[in-house]
Amino acid sequence: MHPQRARLAFALALLAALVWGLLPMGLWLLTPVLDAFTITWCRFLFAALIVGALLARKGSLPRPWRLAAPLPALLVVAIVGLTINYTLFVVGVELTTPAIAQVVTQLASLFLLFGGLFVFGERFGRLQWLGFTVLLLGLGLFFNKRLPLLFGARSDLGLGVLLLTIGALTWACYGLAQKRLLRHLSSPQTLWLLYVGGALLLTPLAQPTHLRALNATQIWALVFCCFNTLIAYGAYAEAMQLGEVARVSATVTISPLFTLLAGVLAPAW
């Protein structure tokens, strides 16, 4: 890989990690008023309108019916995987805490990492394997004292972790399918199809009338979550197009650090 492309892919993956790291705080403010389906529907719809307007202005809206097999099937996998991940992540934040949700969701990067190794035949160097080992040890240390809670009387925490793990697995499926789609579509085109598909899937379940119950702080939190979708997944898609799946996945695993930092600063705000 060209060094300049590798550096750009790293920078974009780091941006995605930063924005994703701040996301749980915004979701945590919204869950008392909005359900997971409505929050996710708003995020998909907003992103679909913005990206669609930009693509239409350039005359480059994609035509999914012209995709050759197996791309339509991969597109369906990516849409369903991303929609399930978005929804379960919101539920996971509600049942656990922003920090726990962000740490557990790093399993998605591990699943995607192994997918890149086995599906795309990518290779890991010694430093990458060392980083992978450190990540596993970190997860073990993080949950060391919480294991009794996961299986104890407070079933909400265990259920939240289980749903976050399932969401991480579906996110990995989305990431692998997207990597294949990016060979034939640009990242904005791919993301627009994903956003439109996710919004259509959630339309029957969303309750937009509940938006009237938001206070000023929650409105700004929803705006942040909507822009978060555009920035994080735009940067991530470009990083996936420029770099290797395994290296990009390893970079975004630092997002819990930004979540923990936001948790420290939040009381002051």
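Colleague: Hi! Which backbone oxygen does the side chain of Thr96 reach?
Modeller: The one on Gly92, at 2.5 Å. That is a polar contact (N or O atoms within 3.5 Å, one able to donate a hydrogen and the other to accept it; sequence neighbours count only if both atoms are side-chain atoms). This is a predicted model, where local features need pLDDT of at least 70 and side-chain atom pairs count only at pLDDT 80 or more, while totals for chains, interfaces and linings use all residues. Residues are numbered from 1 along each chain as its sequence is written, and side-chain values use heavy atoms, without hydrogens and water.

Colleague: And where does Thr96 lie?
Modeller: In the loop between helix H3 (71-95) and helix H4 (98-104). Helices are DSSP runs of H or I with at least four residues, strands are E runs of at least two, and both are numbered from the N terminus.

Colleague: Is Thr96 buried or exposed?
Modeller: Thr96 counts as buried because its relative accessible area is 9%; the cut-offs are under 20% for buried and over 50% for exposed, with a 1.4 Å probe and protein chains only. Across the 269 residues of the protein chain, 49% are buried.

Colleague: How many helices and strands are there?
Modeller: The protein chain has 12 helices and 0 strands.

Colleague: How many residues of H9 are buried?
Modeller: H9 is mostly covered, with 12 of its 16 residues buried. Among them are Trp192, Tyr195, Gly197 and Gly198.

Colleague: What about H10, how far apart are its ends?
Modeller: The end C-alpha atoms of H10 (residues 216-242) are 39 Å apart, which agrees with the 39 Å that its 27 residues should span. H10 also bends by about 25° at Asn228, the bend being the angle between axes fitted to the seven residues ending there and the seven starting there.

Colleague: Which residue caps the N-terminal end of H10?
Modeller: Asn215 does, with a side-chain oxygen 3.1 Å from the backbone nitrogen of Thr217.

Colleague: Switching to H1, where is its kink?
Modeller: At Leu23, shortly before the proline Pro24, and the kink is about 25°. H1 has 28 residues and reaches 41 Å from its first C-alpha to its last, close to the expected 40 Å.

Colleague: At what angle do H1 and H10 pack?
Modeller: At about 155°, with their axes 8 Å apart. That makes H1 roughly antiparallel to H10, a label for angles over 145 degrees.

Key: Expected span 1.5 Å × (residues − 1). Axes fitted to C-alpha atoms, helices over the stretch in contact; angles between N-to-C directions. Parallel < 35°, antiparallel > 145°, perpendicular 65-115°, else oblique.
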